[in-house]
Amino acid sequence: MNKVEDGMSAACAADAATRKSEHAPRIGILLVNLGTPDAPDVASVRRYLREFLSDPRVIEDQGLLWKFVLNVIILPRRPRAKARDYQKIWNHEQNESPLKTITRAQAQKLRSVVDALAPGSVVDWAMRYGNPSLDSRLEALVKLGCDRILLFPLYPQYAAATTASVCDKAFQTLLNLRAQPTLRVVPPYYDDPVYIEAIAASLEAELRRLAFEPERIIASFHGIPKAYAEAGDPYPQQCEATVRLLRARLKLDENRLLLTYQSRFGRAEWLQPYTDETVRALAQSGVKNLAVVTPGFAADCLETLEEIAVENAQIFTSNGGANFAAIPCLNDSDLGLRVIAHLVQRELQGWL
């Protein structure tokens, strides 16, 4: 081959490489959390609750009776009280809920990790309810050329009302696309050793900062109706497995590390024991020092910052308790990022 041919061959190869690079498929990673109203006012909270409570994964019976209860009883009344709760925890500096602030930070910190694993990949974040919406961010990833998307529901324990709802919404979005991306979903990680170690290490570090030693520690998880579990939802078994592993790692027995469920809604029976009733009973029985950790939440939100840190703290002290500590979630801490990055790297195997 002469020099001219050599030059032409090199130019063609370079051109082919450039064209391949321009059209190379990209990997998208989408972190998804539950959701948040756009503002801590009645109208925004009402809009958020309407979307949330109209999801058949959250309220399975969406019949006429429920529609009456939702539109005539709940939506005219509940948003006012919830707006006040959101105002207590609102990030006024950025004019958004802490859940949105933290989820964004988790995605931003994950980008540096993913850039080293898969250069050119895209990391984004979304909310199942509210904004940024899951469908809008999925569509944005597709427009950026992502033909493989890793969907990461930030729920360590699977529940149909959380993880399955995220999947439902994602697949509904794909229904409208002719060229669908390949979709993977990060599975529940309730027993993952990196997750267990992160929760345990974070709890130990927070306990060392306290001016008191808790006599009891409660691991509080978001509840679901008991009927959902009886119908086959594996959520309670996964919560129990998480706590069992935490007890083993922390060397605490069932009397020191308790499992409870919070945030029940309506008149139906939910998973028990209930967090608020347990907190009250412990205080009335003479327990003076109590800590609550929330392993089922990847980021602090209304349920941890207001329901646990404010409401349950008041229940404890008003019934004879003295010292109460709400342990922060993993959030965007180094330990939290280690969990997220570990799971992303594991689930990207075969795509890298």
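**Close-up 1. Helices H2 and H3 cross at roughly 135° in this predicted model.** Here the axes, which are lines fitted to C-alpha atoms over the stretch in contact with angles from 0 to 180 degrees between N-to-C directions, come within 8 Å. H2 covers residues 42–53 and H3 residues 64–89, both being DSSP runs (H or I, at least four residues, for helices; E, at least two, for strands) numbered from the N terminus. That angle makes H2 oblique to H3; under 35 degrees would count as roughly parallel, over 145 as roughly antiparallel and 65 to 115 as roughly perpendicular, with the rest oblique. From H2, the contact (heavy atoms within 4.5 Å) includes Val42, Tyr48 and Leu53, and from H3 it includes Trp66, Ile74 and Tyr86. By class, the contact residues are 13 nonpolar, one polar and five charged, where Ala, Val, Leu, Ile, Met, Phe, Trp, Tyr, Cys and Pro count as nonpolar, Asp, Glu, Lys and Arg as charged, and the others, Gly among them, as polar.

**Close-up 2. Helices H4 and H12 pack at an angle of about 45°.** H4 (residues 98–117) and H12 (residues 334–347) have their axes 10 Å apart, and the two are therefore oblique to each other. Look for Leu110, Val113 and Leu117 among the H4 residues in contact, and for Leu337, Ile340 and Val344 among those of H12. Eight residues of this contact are nonpolar, two polar and one charged.

**Close-up 3. The largest pocket has a volume of about 1,100 Å³.** A pocket is an open set of points on a 1 Å grid over the protein atoms alone, where a 1.4 Å probe fits, with protein on both sides within 12 Å along at least five of seven lines; lining residues have an atom within 4 Å of a point. The volume is the space filled by probe spheres set on the points. Of the 50 lining residues, Leu34, Phe52, His222, Ser263 and Glu303 are the closest to the centre. H11 gives the most, with seven residues. The lining has 29 nonpolar, 13 polar and eight charged residues.

**Close-up 4. The second largest pocket holds about 520 Å³ of space.** Trp66, Val69, Phe265, Gly266 and Arg267 are the closest to its centre among its 18 lining residues. H3 gives the most to this lining, with eight residues.

**Notes.** Residues are numbered from 1 along each chain as its sequence is written, and side-chain values use heavy atoms, with hydrogens and water left out. In this predicted model, local features need pLDDT of at least 70 and side-chain atom pairs count only at pLDDT 80 or more, while totals for chains, interfaces and linings use all residues.
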